[in-house]
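Below is a short report on one protein chain. Read it with the sequence and the model side by side.

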Amino acid sequence: MADNVALVVVCVLLVGAVGGYLTYTTHVAPGTATEMRQTASWESSGAFTHRATVVNGSRAFEAGTVLRNRTVYFQRVTPRLNGSFAYTYAASDGGDVDAETTVSLVFRSVDTADDGDPTVYWRVDRTLNRASKQSLAAGERTTVPFSVNVSEAAAEAARIDERIGGTPGTVEVAVVARTTLSGTRNGRSVDATRTYRLPMTSEGNVYRVEDPGAVTASGGQTERVTVPAEYGSLRRVGGPALLAVALGALAGLGHARRTGWLTVTDAERRWLAYRSAREEFDEWITTGRVPPEVGAPAVVDVDSLAGLVDVAIDTDDRVVEDERRNACLVLGDDHWYRYDVPTDPTTEERDALTETEAATNGDSPPDATARDVDLTADDESD
């Protein structure tokens with residue numbers, strides 16, 4: 001760990017730098033951002049209203065009864081459809097436009113393809129009414145009335161299609177309102193045409209009016225503005241959190257370094273080197289018990305377990321690990337080679353703590369010399 005302190009410090013400093021940057025740019029100097037903001041808006045609306053007066057009275061409908069805004073009317077009872085088209089608009093900054101509206105009765109034969117693009121075989125327009133409104137202000141309304149004998153219109157459409165030999169399309173009859181606008185709206189010039197349809201279809205003794213209701217269109221003007229930058233909660237919280245973690249880690253590393261917690265002692269180095277070599281050369285090592293060295297060949301001390309394994313390889317012997325001796329040996333004919341296993345530092349600390357507690361309690365620690373003698377005697381007894 002001590003060898004990697006510099007690398008750890010660099011990583012912590014990088015994390016702290018990122019956290020500091022995010023904190024500063026989020027909470028201290030967030031900067032600005034450019035966005036499109038709507039400065040004005042408008043909305044236009046066109047709608048039909050319609051009614052039919054009963055001319056051939058019956059028990060169900062008395063003569064003179066007015067039926068209003070129905071989806072179905074009766075061709076014999078209410079053959080004429082009366083109505084009106086109304087156009088209006090709203091603008092946030094006001095407007096002043098000239099509106100010219102033409103209401104026409106449109107006959108056509110049309111075939112709608114699969115891609116939605118219709119094929120119009122023929123079309124005939126007949127003007128029903130026209131009206132102009134000068135200086136139409138926002139919120140004002142222009143209204144154009146119309147009247148259609150639906151039974152006669154359906155018959156006329158059929159005759160037109162028959163005279164040209166018939167077409168594969170569908171014959172349609174509709175009241176179409178077209179409003180042309182020119183002037184200013186929200187301080188900008190406007191020149192546009194809006195078209196609205198009120199289809200009618202005859203089915204036996206009735207005809208249907210497919211009223212689309214109010215048809216609206218809207219829009220507005222936008223401009224590019226500079227506003228203070230805003231960030232999400234993740235960045236607002238994450239920046240200070242990273243900075244706090246980095247500062248805490250640096251404080252912890254500093255304290256650990258001052259107290260020596262990060263320092264690896266020589267005993268710990270020897271123990272780690274032994275454990276690494278023990279795992280690496282495990283296949284060359286056999287656990288066993290070596291007899292006493294009395295009358296044995298001379299013993300050669302080896303500085304490392306790796307060196308002892310090299311000797312075993314050269315002499316074609318095995319390394320014997322004797323846990324009672326706390327040593328590893330290669331038993332040659334002329335020499336024995338020995339490596340003393342280092343003591344586990346954690347065991348030393350635990351033994352030291354035990355002796356300290358015993359001294360505190362007034363007990364005497366066991367005699368180390370006597371223990372060594374006992375172990376020697378035990379070895380010789382083998």
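## The first helix

Helix H1 covers residues 5–28. Its 24 residues reach 32 Å from the first C-alpha to the last. That is close to the 34 Å expected at 1.5 Å a residue. The model is a predicted one.

Several H1 residues are buried, among them Val5, Val12 and Leu22. Two glycines, Gly16 and Gly19, are buried in H1 as well. So are the threonines Thr23, Thr25 and Thr26. Helix H3, residues 233–258, is included in what covers the buried residues of H1.

## The chain as a whole

The protein chain comes to seven helices and 16 strands. It has 382 residues, and buried residues make up 31% of them. The accessible surface comes to about 23,100 Å². Carbon and sulfur atoms account for 50% of that surface.

How far apart in sequence are the residues that touch? Among contacts between residues at least 6 apart, 72% join residues at least 24 apart.

## Cysteines

The structure holds zero disulfides. Cys11 is partly exposed, with a relative accessible area of 40%. Cys328 is buried, and its relative accessible area is 0%.

## Glu156 in helix H2

Glu156 sits in helix H2, which spans residues 150–163. Is Glu156 buried or exposed? Its relative accessibility is 17%. Glu156 counts as buried because that value falls under the 20% cut-off.

Leaving aside residues up to four places away in sequence, Glu156 touches Phe107 and Arg126.

Strand E8 (residues 170–185) runs antiparallel to strand E9 (residues 188–203). The two are joined by 13 bridges. Thr184 stands opposite Ser189 in E9. E8 and E9 form a hairpin with two residues between them. In that turn, Asn186 has a positive phi of about 55 degrees.

E9 also pairs with strand E10, residues 206–209. This pairing is antiparallel too, over four bridges. Met200 has Val209 in E10 as its bridge partner. E9 and E10 form a hairpin, again with two residues between the strands. Here the turn residue Gly204 has a positive phi of about 65 degrees.

## The five-stranded sheet

Five strands form an open sheet, in the order E12-E14-E15-E16-E13. The pairing is mixed. Which strands stand at the edges? They are E12 (285–287) and E13 (298–301). Each has a single partner strand, so one side of each is left without a neighbour in the sheet. From one strand to the next, the twist averages 30 degrees.

Within this sheet, E15 (residues 327–331) and E16 (residues 335–340) pair in the antiparallel sense. Five bridges make up the pairing. Ala327 stands opposite Asp340 in E16. In a regular strand, side chains alternate between the two faces of the sheet.

## A helix across the sheet

Helix H5, residues 305–315, lies across E12, E14, E15 and E16. Strand E14 covers residues 319–322. H5 runs at about 20 degrees to E15.

Notes. Residues numbered from 1 in each chain as written. Predicted model: local features only at pLDDT ≥ 70, side-chain atom pairs only at ≥ 80, totals over all residues. Heavy atoms only, no water. Disulfide = S-S within 2.5 Å. Buried < 20%, exposed > 50% of the residue type's maximum accessible area, 1.4 Å probe, protein only. Contact = heavy atoms within 4.5 Å. Areas by Shrake-Rupley, 256 points an atom, 1.4 Å probe, with all protein chains shown as cover. Pairing = 2+ DSSP bridges. Axes fitted to C-alpha atoms, helices over the stretch in contact; angles between N-to-C directions. Expected span 1.5 Å × (residues − 1).
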